[in-house]
Amino acid sequence: MVKVEINGQIVEAHEGDMLIDVADDAQISIPRFCYHKKLSIAANCRMCLVEVEGAWKALPACATPVTDGMKVHTKSAKAIAAQKSVMEFLLINHPLDCPICDQGGECELQDVAMDYGDDVSRYSEGKRVVSDRNAGALIKTDMTRCIHCTRCVRFGQEIAGMKELGSTGRSEWMSIGTYIEKSITSEMSGNMIDLCPVGALTSKPFRYTARAWELKSHSSIAAHDSMGSNISVHSKNGRVKRVVPRTNESINEVWLSDRDRFAYEGLNSEDRLTQPMVKENGQWIPVDWETALKVTVEGLQKELSSSKEIGVLASANSTLEELHLLQKLARGLGVENIDFRHRQVDFSDDEIGFHTPLLTQEITAVEKADVILIVGSYLRKELPILNHRVRNAVVSNAAKAIVVNPEVLEFNFNLEHADTEQGMVSELAGITKAVLDISGNTSQEWINKVAPTECQKEIAQLLCKAKSGSIMVGQISQMHPDFSTIKVLTALIAAQISANLNILPMAANEVGAHLVNFLPKSGKNSSEMISSSLSAYINLNLEPEKDFTHGNTALSAMKKANFVVNLTVFDSNAQREYADVLLPIAAFAETAGTFVNVTGIKQSFKMSVEPQGDSKAAWKVFRVLGNMFDLEGFDYTHTNEVLREVLDNQTTQIDFTGISCQLPKNNDSEVELVSPYAMDALVRRAPSLQATPDADAATMGRG
Ligand code: SF4
Ligand code: FES
């Protein structure tokens, strides 16, 4: 530790720490533009110039390491003069168009100019103008406002892993842009909007819809993947206008995926169902809640009384409270066909129990891994925030990444091996056998016939050298017809090399769905429910025709049923064809609840805005239905009471290593990539995301 004096205040710091960080820790503010704590130091804006005693000129605080006895002045005449001249230079070419700039009111340049700028410029020359390029559906560029801090460029190189923006020209002619006319395609691209200190990069969907000072901010949790990213929902006049990240260093740091940032657009879709509807003689009639619930209860009672089977399906993006109450209602009615796993097709290991998918290590610990085996996953698109941690491990910790996928997919870090030739299960079986051979483990007789290739042996060597290995089993595996075999093979490797086996949950509350037993303990799983055509279905927050891997089978099962009730945020023609009752429920941001994230952390959130129209929070609908069916224990007044009921539930971990398998033929062709922007009803209705290359699985990640 060293002692530094800043503005007369003695501060302790680690030798070599940058002066700007030391000052920040001591609550001494130094203006800055190019410096960002998550990016490398560029020191190109010079706004952070300070006076350091003994130095003949002002020094940039972001690039000056502290030494013992250093005396610094951030507010001396010399420091202020330096800061003011930098501000004057920055404003020479800036258009000063704050009244029409979306960044107005939350612009770092505007704020700093208030302290260090002059009222009147000494320059009367014409200003430089930079023409804009179309950067895609998410980011609007106004490059005349750019101050060349290069935060966006460094974000692309260091965080997104894609050099999509860069600087060309020098001095007066320097400009930032895409090198070729091309949209920005990173799945984390929206973070550049937050990073840009001026209005050069702003949000296209949000543009001109509100001023920063008109917005109310609500803390919430992202609802589209299992990371549980912390967010702030910004609303105006009761409508969500944008979503931005909230810092949580142990989960999403300061970042957010584009899906979690822009999916809010779907909330204001024209498809919103805002009034209960019932079908009478083939005609849809808007009704009040009382009538709709009465029709629901009568319809379900009729099917129950004739001992017909009811299926209960839900999206795992529903809250813990909603899922708990729906399964409680179903079980109260004697229904055991309960499931949320509509993208899964192989359920053969259900008979040994329900393994809770989890990241079995801290999210931050992923960065410390030295070997990472990714199995059946386009991690970049599935869980961008987790992929960012994996990328950090590869880039900063020299971790070796190995991918076993059905086809070659573009990752944003170097891969040691990317095997696709033999098909996923055969590749994995070869690697597993080679790992067992190296370790001299002959206990798994069923795998003895496998003859590993040279490449598989090399991968096994790498895996066996791992001191801190991590295996990530992703969405492609989850949708694979041999998912259970993949679990056994990866579990064997993990056990042999003492790696963390991470069978990753995908939806926002998949772990929560397991915690509340939203599973067919003694009933039909989701695949059986649609293939055996039950007589009635209750669907929560689900569009079976789009959310099931076998959407057509699901659709025809719904059409064949006598009675279908959908608790839904959206209206659609497909639903109108097969459903009998449509109950409008509150969407993400319109209800309170809890999500359980990829590592099992429960995060509760409050309602950000009122539900639209006559929509109601789904948990309240289940409470009323429970009472209408005369079931015990449905007298909740708050989501907290529901949460308390499930707080002590534990996740279930199954040891797959003791299971012997029949190694199947190559079934990879049966797995289709699904775009992250097709994964749930809300994101499917976000027009800006749907206009990006990632909306189509064929162009996803390929620009
Ligand atoms: S566009 Fe914004 S973030 Fe990028 S260099 Fe210009 S001012 Fe900095
Ligand atoms: S913040 Fe230090 S030079 Fe830009």
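**Before you click**

In this predicted model, local features need pLDDT of at least 70 and side-chain atom pairs count only at pLDDT 80 or more, while totals for chains, interfaces and linings use all residues. Residues are numbered from 1 along each chain as its sequence is written, chains are lettered from A and ligands numbered from 1 in the order in which they are written, and side-chain values use heavy atoms, with hydrogens and water left out.

Rolling a probe the size of a water molecule over the atoms shows where empty space is left. On a 1 Å grid over the protein atoms alone, a pocket is an open set of points with protein on both sides within 12 Å along at least five of seven lines, a cavity is a set where a 1.4 Å probe fits but cannot get out, and lining residues have an atom within 4 Å of a point. Points are joined across faces, edges and corners, and a volume is the space filled by probe spheres set on them.

**Stop 1**

**Stop 2: the largest pocket**

Now select Glu108, Ile193, Asp194, Leu195 and Cys196, which lie nearest the centre of the largest pocket, lined by 30 residues. Helix H5 (191-195), strand E9 (201-203), strand E12 (239-245) and helix H6 (258-262) give two or more residues each to that lining. (Helices, H or I with at least four residues, and strands, E with at least two, are DSSP runs numbered from the N terminus.) The volume of the largest pocket is about 710 Å³, and its lining has twelve nonpolar, seven polar and eleven charged residues.

**Stop 3: ligand 1**

Which residues are the closest to ligand 1? Show Cys146, Cys149, Thr150, Cys152 and Cys196, the closest of the 13 that surround it; a residue is near if one of its heavy atoms lies within 4 Å. The shell divides into eleven nonpolar, two polar and no charged residues.

**Stop 4: the largest cavity**

Next, pick Arg343, Gln478, Met506, Ala507 and Glu510, which lie nearest the centre of the largest cavity, lined by 40 residues. The largest cavity has a volume of about 530 Å³. Helix H13 gives the most to its lining, with three residues.

**Stop 5: Arg623**

Finally, find Arg623 in helix H20 (residues 618-628). Setting aside neighbours within four places in sequence, Arg623 is in contact with Leu325, Phe634, Tyr636 and Thr637 (contact means heavy atoms within 4.5 Å). Zoom in on Tyr636: its backbone oxygen lies 2.9 Å from a polar atom of the Arg623 side chain. As for Thr637, it is 14 residues from Arg623 in sequence and 9.1 Å away in space, C-alpha to C-alpha.

Terms used. Nonpolar A, V, L, I, M, F, W, Y, C, P; charged D, E, K, R; others polar. Polar contact = N/O pair within 3.5 Å; in protein donor to acceptor, adjacent residues only side chain to side chain.
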